[in-house]
Amino acid sequence: MAALTLSSSSSSYLSSLSSSLFSVGPLDHDGFVPNESRIRMCSNGGVRCDMSESLRHVNGKPTIPIVTERTLPKFLESARMEKRVNRSSTRLKLFSGSANRLLSQEIACYMGLELGKINIKRFADGEIYVQLQESVRGCDVFLVQPTCPPANENLMELLIMIDACRRASAKNITAVIPYFGYARADRKTQGRESIAAKLVANIITEAGANRVLACDLHSGQSMGYFDIPVDHVNCHPVILDYLASKRICSSDLVVVSPDVGGVARARAFAKKLSDAPLAIVDKRRHGHNVAEVMNLIGDVKGKVAVMVDDMIDTAGTITKGAELLHQEGAREVYACCTHAVFSPPAIERLSSGFFQEVIVTNTIPAPKVHFPQLTVLSVANLMGETIWRVHDDCSVSSIFQ
């Protein structure tokens, strides 16, 4: 039986990017130190890099070393050979909010930059104070701030950061939002409901943002809620690359959508995993954050089931789906998502034994309470490359082709 393979377009893409844009890091990033300025370029074609280190194992799990200057000795040496990144003169400024500073540091490391100096503090009554401690006049500013829990605090902090940059005469302000909160409130399902996703989009625009860069929005129509350009970064290739390294037999694989609304996402994911078969969990939701599994569409008996979703919140949907898959004869169940919200009691549910592995990314900070099945993948290099391309007016979509 053949090992798991990717589609032809995805295979060539991932083979060129797996060592550069995508890195799998252990949960402990204490050794991650931003490097000095690095030569790089923007290309409409693929990017290549030779990894000098082989796969290591941390806690029994394979990990790919986070990209450092040693592992990128010849990274993209052509167009930028004459244009070196100079931190003292570049017009690109990267600032981090307090929501996920570790991800911001990893992005800055990939880009060969240092994070901009910014003072963020809370007053005694909870009000947020922001002051930029370096000039951004005429600069292309990128503000990295996911609106993860506490969602309202982090959203307000992002708005004040945007306002500070606008009043400091920044030329362009891009809100880099790895996780866009309120994205699930994207339509009216009952009478007299708000569409909070549109409201938040309006607020970000009115605060002064010129562009938004977001990862795996809950639904594609959310991009249309903004009256400014939106660059949508698909983080699935990071997970696909990791799954490919596990050498799962392709004939044993089935991709499962945990609900009917995620079928399109799961189908696109399955297409890149050797065009794997698709199964769907039919559920009936009786209230917010409450789900009840009713039926399974598709065959999972004796197979390795990979459940794909954009986020895991309380893990009720995906856990009940995994329980149903085991009842239907699935040999192993993997849970994959981009955004690990992990609201209680998610960790208890995910560590209950239904999952062989729970694979997430670091768009949201890793939970303080870890469990053996959890694997966190870094999207820093993917986002860093996207920021460079936005700054250089290069194609972003070509990264995913």
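**View 1. Strand E5 of this predicted model, with its side chains alternating along residues 128-132.**
Ile128, Val130 and Leu132 point to one face and are buried.

**View 2. The E4-E5 hairpin.**
Strand E4 (residues 118-122) pairs with E5 in the antiparallel sense, over five bridges. To get your bearings, pick out Asn119, whose bridge partner in E5 is Gln131. Five residues sit between the two strands, and Gly126 in the turn has a positive phi of about 95°.

**View 3. The open sheet of five strands.**
Read across, the strand order is E3-E6-E7-E8-E9, and the pairing is parallel. Which strands stand at the edges? They are E3 (92-96) and E9 (230-233); each has a single partner strand, so one side of each is left without a neighbour in the sheet. From one strand to the next, the twist averages 20°.

**View 4. Zooming in on E8 and E9.**
Strand E8 covers residues 211-215, and four bridges join it to E9, with the two running parallel. For a handy landmark, look for Ala214, whose bridge partner in E9 is His232.

**View 5. Helices H2 and H3 against the sheet.**
Helix H2 (residues 101-111) packs on the sheet, where it touches E3 and strand E6 (140-144). The direction of H2 makes about 160° with that of E3. Helix H3 (residues 151-167) lies across E3, E6 and strand E7 (172-177). Relative to E7, H3 runs at about 165°.

**View 6. H2 packed with helix H9.**
Two packed helices are described by the angle between their axes and the distance between the axes. Here H2 and H9 (residues 380-391) pack at an angle of about 60°, and their axes are 8 Å apart. That angle makes H2 oblique to H9. What is the handedness of the crossing of H2 and H9? The crossing is right-handed. On the H2 side, the contact is made by Leu103, Glu106, Ile107, Tyr110 and Met111. H9 brings Ala380, Asn381, Met383, Gly384, Glu385, Ile387 and Trp388. Sorted by type, the contact residues come out as eight nonpolar, two polar and two charged.

**View 7. Two cis peptide bonds, at Pro149-Pro150 and at Pro344-Pro345.**
The bond between Pro149 and Pro150 has an omega of about -5°. Pro150 lies in the loop between E6 and H3. For the bond between Pro344 and Pro345, omega is about 5°. Pro345 is found in the loop between strand E14 (332-340) and helix H8 (346-350).

**View 8. Positive phi at Arg247 and Ser274.**
Arg247 isn't a glycine, yet its phi is positive, at about 55°. Look for Arg247 in the loop between helix H5 (236-245) and strand E10 (253-257). Is Arg247 buried or exposed? Its relative accessibility is 58%, so Arg247 counts as exposed. Ser274 is another residue other than glycine with a positive phi, near 55°. The loop holding Ser274 runs between helix H6 (263-271) and strand E11 (278-287). With 27% relative accessibility, Ser274 counts as partly exposed.

How values were computed: Residues numbered from 1 in each chain as written. Predicted model: local features only at pLDDT ≥ 70, side-chain atom pairs only at ≥ 80, totals over all residues. Heavy atoms only, no water. Pairing = 2+ DSSP bridges. Axes fitted to C-alpha atoms, helices over the stretch in contact; angles between N-to-C directions. Contact = heavy atoms within 4.5 Å. Parallel < 35°, antiparallel > 145°, perpendicular 65-115°, else oblique. Left-handed = near helix turned anticlockwise from the far one by under 90°. Nonpolar A, V, L, I, M, F, W, Y, C, P; charged D, E, K, R; others polar. Buried < 20%, exposed > 50% of the residue type's maximum accessible area, 1.4 Å probe, protein only.
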